[in-house]
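Hi everyone, thanks for making time for this. I'd like to walk you through one model, so please have the viewer open and stop me whenever you like.

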Amino acid sequence: MSQKAELKNIPIELIERNPENPRLFFRQEELEKLLVSVKKIGLQVPISVYKDGEKYIIIDGERRWRTFLKLNFSSIPAIIQEKPSELENLLLMFNIHGLREQWDIYTIANKIERVIKLITRKKGSEPTEDEISAETGMTRGVIRRCKLIIALPQRFKDLIKLELEKPKREQIFSEDFFLEMEQSIRAVERNYPTLIRNIDTVRDVLIKKYVDKTINNVTDFRKLTKIATANKNLNFSISKTENAIRTIFSDNKIGIIEMYKDTVENLYEDKFISNNANNFLSKLEVLTNENELDEDLKRTLLKIRDHINKLLN
């Protein structure tokens, strides 16, 4: 794109939002804060637009434009830039807005699928995560989370959209819920594919358990991942793991935390203590003389010695 641009006042009615802006939700408190600022000190930064026929499409500044609409201003200062291509327009939205503020993952996923298709068409092959990251400014972690949302059935995407329109405190099924649930289901699928014959049935059971508080927190799903990988990480019994997962995936009142405690919790704690004890031992080996120890460290080591002796006896 050319860097040629001009600044002028544009009638509000000639301006339209950019259909490629992934951001769908403008929370009321954000708009009200900007409205107070504009009333008090005016607009400090012009919006950016490009001309499309008789209309001007916003590149940067939709919240400022919405504020001017609400205040019934007739025009707004705008920098007019050259019209971008379809891909350039999408990438502008990501690079201008995505780096400035924390977007909801749903809003990014809603557009990133098209970005991938357009880059594929341009270069002749599907872009890697590194290439998508370089083009959009999004991290690889965010891109992976987007792919989880993209893979959800439409009914769950619609539910996320409805939830995101509510204030945060009123949301039940957040993006984090679906992301945590999907990551744990993928972990089961990788290690025990026969346990997920119908993924939608599994999802429905887990959602029901979350609604009735059998699953109390979205982070409970991380314990399901730990159960699913216990054979690999702890050499835990495959049959016991399968029974635990089947129980979690069944329509009952048994949650993830209960099964985790009944099966692998102690093993993970033992591994954690063992790993840290080895690190601690390597640090101690550096200390070769008792004179190098201060009194606080000596007292702590004596307590550790006494407790270890009790455990070993």
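This is a predicted model: local features need pLDDT of at least 70, side-chain atom pairs count only at pLDDT 80 or more; totals for chains, interfaces and linings use all residues.

Now, who is the partner of Arg 155? Arg 155 makes a salt bridge with Asp 204, and the closest N and O atoms are 3.0 Å apart. Asp 204 sits in helix 9, residues 199-211, while Arg 155 sits in helix 7, residues 154-164, so this pair ties together parts that are 49 residues apart in sequence. Asp 204 is partly exposed as well, because its relative accessibility is 35%.

Lys 303 belongs to helix 15, and it is exposed, with a relative accessible area of 64%.

Back to charge pairs. In general, side chains of opposite charge can pair when their charged atoms come close. How many salt bridges does the structure hold? The count is 24, and I'll pick out a few.

One of them joins Arg 114 and Glu 20, with 2.6 Å between the closest N and O atoms. This pair links distant parts of the chain, 94 residues apart: Arg 114 is in helix 4, residues 105-123, and Glu 20 is in the loop between strand 2 (15-16) and helix 1 (28-41). Arg 114 has 27%, so it counts as partly exposed. The cut-off at work here is 20%, since buried means under that value.

Another salt bridge brings together the side chains of Glu 131 and Lys 123, at 3.5 Å from N to O. Glu 131 is partly exposed, given its 31% relative accessibility, and Lys 123 is partly exposed too, at 39%.

There is also a network of salt bridges. It links Glu 129, Asp 130, Arg 140, Arg 144 and Lys 147.

Next, helix packing. Two packed helices are described by the angle between their axes and the distance between the axes. Helix 13, residues 256-263, packs against helix 14, residues 265-284, at an angle of about 65°, and their axes are 4 Å apart. Which residues meet there? From helix 13 we have Tyr 260, Lys 261 and Thr 263, and from helix 14 we have Glu 265, Leu 267 and Tyr 268. By class, the contact of helix 13 with helix 14 has three nonpolar, one polar and two charged residues.

Is Phe 249 buried or exposed? It counts as buried, because its relative accessibility is 11%. Leaving aside residues up to four places away in sequence, Phe 249 touches Val 188, Leu 195, Ile 196, Val 202, Val 205, Leu 206 and Leu 224. For a sense of scale, Phe 249 and Glu 86 are 44 Å apart in space, C-alpha to C-alpha, and 163 residues apart in sequence.

Ile 308 is placed in helix 15, residues 295-312. Together with Leu 311 and Leu 312, Ile 308 makes a nonpolar surface patch of about 350 Å². Ile 308 itself is partly exposed, given its relative accessibility of 40%.

Last stop, for those of you who like backbone torsions. Asn 72 is not a glycine, yet it has a positive phi of about 60°. Asn 72 is in the loop between helix 2 (62-70) and strand 5 (75-81), and it is exposed, with a relative accessible area of 67%. Lys 213 also has a positive phi, near 70°. You'll find Lys 213 in the loop between helix 9 and helix 10 (220-228), and it is exposed, with a relative accessible area of 56%.

Conventions. Residues are numbered from 1 along each chain as its sequence is written. Side-chain values use heavy atoms; hydrogens and water are left out. Patches are made of residues with over 30% relative accessible area and no salt bridge: like charges are joined within 9 Å, nonpolar side chains (Val, Leu, Ile, Met, Phe, Trp, Tyr) within 5 Å. Accessible areas come from the Shrake-Rupley method with a 1.4 Å probe; for residues, only the protein chains shown count as cover. A salt bridge is a side-chain nitrogen of Lys or Arg within 4 Å of a carboxyl oxygen of Asp or Glu. Helices (H or I, at least four residues) and strands (E, at least two) are DSSP runs, numbered from the N terminus. Buried means under 20% relative accessible area, exposed over 50%, partly exposed in between (1.4 Å probe, protein chains only). Axes are lines fitted to C-alpha atoms, for helices over the stretch in contact, and angles run from 0 to 180 degrees between N-to-C directions. Contact means heavy atoms within 4.5 Å. Ala, Val, Leu, Ile, Met, Phe, Trp, Tyr, Cys and Pro count as nonpolar, Asp, Glu, Lys and Arg as charged, and the others, Gly among them, as polar.
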